Amino acid sequence: MNDIQVKNLKKRFGDFDVLKDISIEIKSGEFLAILGPNGAGKSTLLKIMTTLLKHYEGKVEIFGYDIEKYPKKVREQIGVVSENFILYDRLTAMENMVFFGELYHLSRETALKRAEKLLKDVEMWEWRNKKVGKFSFGMKQRVNIVRALMNDPKVVFLDEPTASLDIKSALTVKRLLKEINASNKTIVFTTHILSEVEELATKIAILNLGQLVAFGAPAELSIMAEDQKDLIVEVEKNDSKNYKAFFDKSGIKLEMTGNTMKFFYSDGNELEKIIKLISESKIPVRSINSSDRNFDRIFLKLTDKGRDKN
Ligand SMILES: Nc1ncnc2c1ncn2[C@@H]1O[C@H](COP(=O)(O)OP(=O)(O)OP(=O)(O)O)[C@@H](O)[C@H]1O
Ligand SMILES: [Mg+2]
């Protein structure tokens, strides 16, 4: 059974279609990244999946429960980090954690134990007795994330969990998410940071103007985007153009700027051919670099494709 099943989901705000017929299935233990330009509908999709937003067409099931019919059952088993902090400024970090634990009917003892572990996980333990209202954005966000884990959820949803965090805090949060996922929990998150997607995601959904333009494992997306890898060759002098005719004859795609030549290839055979030709050309090579999968490129290509459809 899938942990999450979204079937033909449509959402309108007034006469504006924010989500257009979205269907996705997320298996247990998966790490799904939802990507898309600003306004694509990522937060809206997340809010619907987490029962925060209603009045949609289609169906969302979590652990087989229709979320509209059994919202309570679903909420007990998920953790939600939405766009806004869900914390009480007048309570300390620890009081917040215990309060949310008790909402989930944890005993005080369990709540205290879990809060200690989680606050330590995000390096907020030493701040546990300070009021959350006095925290910086990044400190609040770290507490806000672990607050969502107090019920030991099976699925965790996070809307841009690392946005505006400094490098160290972002690393701490990513490490925590990896740990949670390693314990076979499912994670669904949105982000604009593509390196994060590359590092964390086992599945990617790309939304564009409310449409799902791609859904699959990272490798499947690079095929979908007909992504080409490139080999960047820096030559000794600014004379790369002298070699252009030589390579053009071979039918290899390349771009030249100054003393840099960029060869494009899609598979190992093409790469072999390029390397052979470089060697035959006696071109004075200074360095060679290759880019394998490039998420920026894949993302732009797939979201551009989506735009064509509209
Ligand atoms: N409550 C609302 N009422 C009317 N329109 C809304 C509402 N919430 C969102 N929208 C619109 O729905 C569209 C999608 O918004 P959403 O917040 O889901 O985008 P997003 O992909 O999360 O964008 P971002 O990357 O900026 O966070 C936007 O055009 C937004 O203006
Ligand atoms: Mg958003």
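Helices, of at least four residues, and strands, of at least two, are DSSP runs numbered from the N terminus. The exercises below concern a predicted model.

**Exercise 1. Determine which elements supply the shell around ligand 1, and how the shell divides by class.**

Solution.
- Step 1. Ligand 1 is surrounded by 13 residues, and the closest are Gly-39, Lys-42, Ser-43, Thr-44 and His-192.
- Step 2. At least two residues of the shell come from each of strand E2 (16-26) and helix H1 (42-49).
- Step 3. H1 gives the largest share, three residues.
- Step 4. Sorted by class, the shell holds five nonpolar, six polar and two charged residues.

**Exercise 2. Identify polar side-chain atoms that lie by an oxygen atom of ligand 1, and state how much of the ligand the protein covers.**

Solution.
- Step 1. The cut-off for a polar contact is a pair of N or O atoms within 3.5 Å.
- Step 2. For Thr-44, a polar side-chain atom is 2.5 Å from an oxygen atom of ligand 1.
- Step 3. For His-192, the corresponding distance from a polar side-chain atom to an oxygen atom of the ligand is 2.9 Å.
- Step 4. For Asn-38, a polar side-chain atom lies 3.0 Å from an oxygen atom of ligand 1.
- Step 5. On its own, ligand 1 has 630 Å² of accessible area, of which the protein covers 62%.

**Exercise 3. Classify the crossing of helix H3 with helix H5 by angle and by handedness.**

Solution.
- Step 1. The axes of H3 (residues 93-103) and H5 (residues 137-147) come within 10 Å and cross at roughly 20°.
- Step 2. Angles under 35 degrees count as roughly parallel, and H3 is therefore roughly parallel to H5.
- Step 3. The crossing of these two helices, H3 and H5, is right-handed.

**Exercise 4. Classify the crossing of H3 with helix H4 in the corresponding way.**

Solution.
- Step 1. Between H3 and H4 (residues 108-121), the axes come within 9 Å and cross at roughly 130°.
- Step 2. This angle makes H3 oblique to H4.
- Step 3. H3 passes H4 in a crossing that is right-handed.

Key:
Residues numbered from 1 in each chain as written. Chains lettered and ligands numbered in written order. Predicted model: local features only at pLDDT ≥ 70, side-chain atom pairs only at ≥ 80, totals over all residues. Heavy atoms only, no water. Near = heavy atom within 4 Å. Polar contact = N/O pair within 3.5 Å; in protein donor to acceptor, adjacent residues only side chain to side chain. Areas by Shrake-Rupley, 256 points an atom, 1.4 Å probe, with all protein chains shown as cover. Nonpolar A, V, L, I, M, F, W, Y, C, P; charged D, E, K, R; others polar. Axes fitted to C-alpha atoms, helices over the stretch in contact; angles between N-to-C directions. Parallel < 35°, antiparallel > 145°, perpendicular 65-115°, else oblique. Left-handed = near helix turned anticlockwise from the far one by under 90°.
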